[in-house]
Amino acid sequence: MEPKDYTVVKIEGEYAYLRDDENKDEEDLFIAMALLPPGVDVGTRLHYEMLSFEIIK
């Protein structure tokens with residue numbers, strides 16, 4: 001999977017919905033919070049690359 005930037009749009013319990021910043025028409029990505037860096041909240045921007053997420057400042 002190629003590098004992408006996402007925004008957390010919703011958190012439900014232990015899962016988050018991520019929206020692709022470039023393709024907002026695509027279905028949101030549903031992912032376990034355990035796979036995301038600590039401190040993630042709604043509105044947090046994330047960069048995905050090499051099977052890991054990091055917070056974009």
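How many helices and how many strands are there in the protein chain? The count is zero helices and five strands, and the model you are looking at is a predicted one. Reading along the sequence gives the pattern β-β-β-β-β. The protein chain has a radius of gyration of 10 Å, close to the 10 Å that the globule rule gives for 57 residues, so it is as compact as a globular protein of that length. Of the 57 residues, 32% count as buried. Among contacts between residues at least 6 apart in sequence, 34% join residues at least 24 apart.

## The sheet

Let us begin with how the strands are arranged. The five strands form an open sheet, in the order β3-β2-β1-β4-β5, and the pairing is antiparallel. At the edges stand β3 and β5 (52–55), each with a single partner strand, so one side of each is left without a neighbour in the sheet. From one strand to the next, the twist averages 40°. Strands of a sheet pair through backbone hydrogen bonds, either parallel or antiparallel.

The table below goes through the pairings, with one facing pair of residues for each.

| Strands joined | Bridges | A facing pair |
|---|---|---|
| β2 and β3 | four bridges | Tyr17 and Phe30 |
| β1 and β2 | six bridges | Lys10 and Tyr17 |
| β1 and β4 | four bridges | Asp5 and His47 |
| β4 and β5 | four bridges | Leu46 and Ile55 |

Strand β1 covers residues 4–12 and runs antiparallel to strand β4, residues 45–49. Besides the pair in the table, Thr7 has Arg45 in β4 as its bridge partner.

## Two hairpins

Now for the turns. β1 and β2 form a hairpin with two residues between the strands, and here Gly13 takes a positive phi near 65°. Another hairpin is made by β4 and β5, again with two residues between them. In that turn, Met50 has a positive phi of about 55°.

Which of its residues lie on the covered face, and which on the uncovered one? Leu46 and Tyr48 make up the covered face, while Arg45, His47 and Glu49 make up the uncovered one.

## Aromatic rings

A search of the whole structure finds four aromatic pairs. One of them brings together Tyr15 and Phe30: the ring centres are 4.9 Å apart and the planes lie at 15°, so the pair is stacked, a label that calls for planes under 30 degrees apart. Tyr15 belongs to strand β2 (residues 15–20) and Phe30 to strand β3 (residues 29–32), so the pair ties together parts that are 15 residues apart in sequence.

Are these two residues buried, partly exposed or exposed? Tyr15 has a relative accessible area of 38% and is partly exposed. Phe30 is partly exposed as well, with a relative accessible area of 46%.

Elsewhere, Tyr6, Tyr48 and Phe53 form one aromatic cluster.

## A closer look at Lys10

Where does the charged end of Lys10 sit? The charged end is over the ring of Tyr17, 4.5 Å from the ring's centre. Tyr17 itself also stands opposite Phe30 in β3, the residue whose ring is stacked with that of Tyr15.

Leaving out residues up to four places away in sequence, Lys10 touches Tyr15, Ala16, Tyr17 and Val42. Lys10 counts as partly exposed, at 38% relative accessibility. For a sense of distance across the model, you can compare Lys10 with Glu54: the two are 44 residues apart along the chain, and their C-alpha atoms are separated by 17 Å.

Definitions and conventions. Residues are numbered from 1 along each chain as its sequence is written. This is a predicted model: local features need pLDDT of at least 70, side-chain atom pairs count only at pLDDT 80 or more; totals for chains, interfaces and linings use all residues. Side-chain values use heavy atoms; hydrogens and water are left out. Rings of Phe, Tyr and Trp (its six-membered ring) pair if their centres lie within 6.5 Å; planes under 30 degrees apart count as stacked, over 60 as edge-to-face and the rest as tilted. Buried means under 20% relative accessible area, exposed over 50%, partly exposed in between (1.4 Å probe, protein chains only). A charge sits over a ring if NZ of Lys or CZ of Arg is within 6 Å of the ring centre and within 35 degrees of the ring normal. Two strands pair if DSSP finds at least two bridges between them. Axes are lines fitted to C-alpha atoms, for helices over the stretch in contact, and angles run from 0 to 180 degrees between N-to-C directions. The radius of gyration is taken over C-alpha atoms; the globule rule is 2.2 Å times the number of residues to the power 0.38. Contact means heavy atoms within 4.5 Å.
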